[in-house]
Amino acid sequence: MIKIQDLQKRFGKFVALENINIEIEKGKITSIIGPNGSGKTTLIKSILGLVIPTKGKIYIDGVDIKKNYNYREKIGYMPQIANFPENVTVREFFSMMQDIRNKKNEKKLSELIEILDLTPHLNKKIKNLSGGTKQKVNAILSLMFNPDILIFDEPTVGLDPVTAIKLKKIISKEKEEGKTIIFVSHIVNEIESLADNIVFMVEGKLTFAGTIIDLKEKTQRESLEDAIICLLNS
């Protein structure tokens with residue numbers, strides 16, 4: 001579980017996050033949504049330790065992450081755009097990451113490669129891969145060490161429809177295994193089909209946190225899309 005308490009982040013006079021209080025539950029998929037500039041990326045980077053909050057606390061499984069970087073081993077992160085070393089093959093890249101982490105899970109890696117149909121590309125250099133194939137590598141890297149916490153930032157962008165469906169099935173299976181999952185997407189259908197909980201942010205402030213059912217009841221709207229529009233206009 002991830003607990004965020006009174007989190008604030010300022011960049012000079014600009015307030016990127018203001019008094020954020022949420023709990024991201026284990027065994028659930030929580031979707032963080034909001035318009036561009038709402039603070040979603042800053043919040044994720046704060047959880048990852050890439051941004052140091054101005055004030056407030058973040059707890060991973062009850063432990064304050066401040067000055068405690070070992071918690072990152074529990075996290076698998078799939079950014080929207082990943083930068084990989086381009087002059088290595090896909091196979092060499094995965095091997096290099098295993099060496100860096102000093103950890104292997106060959107069974108998990110092999111399963112992911114097979115499901116996402118990456119076998120034909122293993123001996124290709126990353127610089128020669130299409131954007132969609134690079135996204136497959138990106139997805140596998142986030143999952144291959146079987147982390148307890150998974151953060152996906154627009155994971156289906158650039159993927160063909162079949163691969164996107166396969167990845168969403170993988171994410172659902174990870175939830176069934178009790179993982180704590182954060183899922184960021186602008187695609188409402190994806191959110192509605194995958195997410196248990198919604199965190200809605202506007203201009204660095206938390207405007208809603210709860211289930212999709214709670215959001216529809218609060219806004220008195222039948223569709224998630226209409227409920228989101230209602231939150232934006234309120």
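Begin by selecting Ile-52, Pro-53, Ile-65, Lys-66 and Lys-67, which lie nearest the centre of the second largest pocket, a site lined by 17 residues. A pocket here is an open set of points on a 1 Å grid over the protein atoms alone, where a 1.4 Å probe fits, with protein on both sides within 12 Å along at least five of seven lines, and lining residues have an atom within 4 Å of a point. The model is predicted, with local features needing pLDDT of at least 70 and side-chain atom pairs counting only at pLDDT 80 or more, while totals for chains, interfaces and linings use all residues. Residues are numbered from 1 along each chain as its sequence is written, and side-chain values use heavy atoms, with hydrogens and water left out.

About 260 Å³ of space lies in this second largest pocket, the volume being the space filled by probe spheres set on the grid points, which are joined across faces, edges and corners. Strand E4 (residues 55-60) gives the most to its lining, with 4 residues; strands (E, at least two residues) and helices (H or I, at least four) are DSSP runs, numbered from the N terminus.

From E4, move to strand E1, which pairs with E4 in the antiparallel sense over 5 bridges, where pairing requires that DSSP finds at least two bridges between two strands. Select Lys-3 to find it opposite Tyr-59 in E4. E1 (residues 2-11) is also joined by 7 bridges to the antiparallel strand E2 (residues 14-24), and the two form a hairpin with 2 residues between them, where Gly-12 in the turn has a positive phi of about 65 degrees. Lys-9 has Leu-17 in E2 as its bridge partner, and the charged end of Lys-9 sits over the ring of Phe-11, 5.0 Å from its centre, the rule being NZ of Lys or CZ of Arg within 6 Å of the ring centre and within 35 degrees of the ring normal.

Next, select Arg-72, Ile-75, Gly-76, Tyr-77 and Arg-101, which lie nearest the centre of the largest pocket, lined by 14 residues and with a volume of about 430 Å³. Strand E6 (75-78), helix H2 (90-101) and helix H4 (131-143) each supply at least two residues of this lining, and the largest share, 3 residues, comes from E6. Stay on Arg-101, whose charged end sits over the ring of Phe-145, 4.4 Å from its centre.

Finish at Phe-84, Phe-93 and Phe-94, which ring pairs link into a cluster.

Conventions:
Phe/Tyr/Trp six-rings, centres within 6.5 Å; stacked < 30°, edge-to-face > 60°.
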